[in-house]
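I opened this notebook to keep track of what I looked up, entry by entry. Each entry takes up one part of the fold.

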Amino acid sequence: MPLILIVDDEEAIIELLTFNLEREGFAVAAAYDGREALSKVAELKPDLVVLDWMLPELDGLEVCRRLRQDSETALIPIIMLTARGEEIDKILGLELGANDYVTKPFSPRELAARVKAHLRTRQLNQVHNKTAAQTLKRGSLYLDADCYLTEKDRVNIELTPKEFELLFLLASHPGRIFRREVILNHIWGYDYPADTRTVDVHIRYLRQKVEDDPNNPTMLVTVRGVGYKFAEQQ
């Protein structure tokens, strides 16, 4: 039974999510501040974390950042749950490593669906990683899926897990055009309508990290009106 850790300082939110997630067949644990969240993750090794932004002790962004820096917790899916709904807030949360972003007020049924989608994607990726090629060499880029290592000209590049998965997906199929909806389904596990700007944000940050000139990309190419591809010459 998958274990979901809910981190929120509002008891009513925790009770609501616990009721709905347990009804869907999940085990649920709770933490009420950022430091307790880190302790519970280390102790329980949850399959997914639902993480509020505004928390006592350590805020949700700092908790997310620390989980992503630790190799033991770097791949645990994180859904940010917050009243901060501005686009810049969403971008910040995703850039620090959150897999998804849900604003309050929210639908418990939709959140449960997102939890299922991310767990399904994680399971599929684990199966895929056991059978698929683990390393790629594309021009100056070297990717190792076993340890989420990215190097360019033998210099290490720090990517979030989702940035790496997106880059690895595109680089595994040079020249193939991926629609945004396909990328969302493959990387984020969305099987319902979602904001495709999530893909655009991750592409933008990837270009800043791996392209010589992010404004004139030669690897991660936009196919106008369709999606993205990794250039074949790489």
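How many bridges join strand 8 to strand 9, and do the two run parallel or antiparallel? I found two bridges between strand 8 (residues 149-152) and strand 9, and these strands run antiparallel. Here helices (H or I, at least four residues) and strands (E, at least two) are DSSP runs, numbered from the N terminus, and two strands pair if DSSP finds at least two bridges between them.

**Before going on**

I noted that this is a predicted model, in which local features need pLDDT of at least 70 and side-chain atom pairs count only at pLDDT 80 or more, while totals for chains, interfaces and linings use all residues. Residues are numbered from 1 along each chain as its sequence is written, and side-chain values use heavy atoms, with hydrogens and water left out.

**Entry: the whole protein**

I counted eight helices and twelve strands in the protein. Of its 234 residues, 49% count as buried, where buried means under 20% relative accessible area, exposed over 50%, and partly exposed in between (1.4 Å probe, protein chains only). The accessible surface comes to about 11,600 Å², and 48% of it belongs to carbon and sulfur atoms; such areas come from the Shrake-Rupley method with a 1.4 Å probe, and for residues only the protein chains shown count as cover. I also looked at contacts (heavy atoms within 4.5 Å): among those between residues at least 6 apart in sequence, 58% join residues at least 24 apart.

In strand 9, Val155 is the bridge partner of Lys152.

I then followed an open sheet of five strands, which has the order 2-1-3-4-5 and parallel pairing. Strand 2 (27-31) and strand 5 stand at the edges with a single partner strand each, so one side of each is left without a neighbour in the sheet. Neighbouring strands of this sheet are turned by 20 degrees against each other on average, direction ignored. Helix 2 (residues 34-44) packs on the sheet, touching strand 1 (3-7), strand 2 and strand 3, and its direction makes about 145 degrees with that of strand 2.

**Entry: strand 4**

Is strand 4 mostly covered or mostly open? I found it mostly covered, since five of the five residues in strand 4 (residues 78-82) are buried. Ile78, Met80 and Thr82 point one way, Ile79 and Leu81 point the other way, and all are buried. In a regular strand the side chains alternate between the two faces of the sheet.

On one side, four bridges join strand 4 to strand 3 (residues 48-52), and the two run parallel. The bridge partner of Val50 in strand 4 is Ile79. From strand 3 the chain crosses through helix 3 (residues 60-69) to strand 4, and this β-α-β crossover is right-handed, as the path from the first strand over the helix to the second runs clockwise with the strands pointing away from the viewer. Helix 3 lies across strand 3 and strand 4, running at about 175 degrees to strand 4.

Strand 4 also pairs with strand 5 (residues 100-103) in the parallel sense over four bridges. In strand 5, Tyr101 is the bridge partner of Met80, and Asp100 stands opposite Ile79.

**Entry: two buried residues**

I looked up Phe230, whose place is in strand 12 (residues 227-230), and found it buried, with a relative accessible area of 0%. The C-alpha atoms of Phe230 and Thr218, twelve residues apart along the chain, are separated by 8.4 Å.

Arg180 has its place in helix 7 (residues 180-188) and is buried too, with a relative accessible area of 18%.

Definitions and conventions
Axes fitted to C-alpha atoms, helices over the stretch in contact; angles between N-to-C directions.
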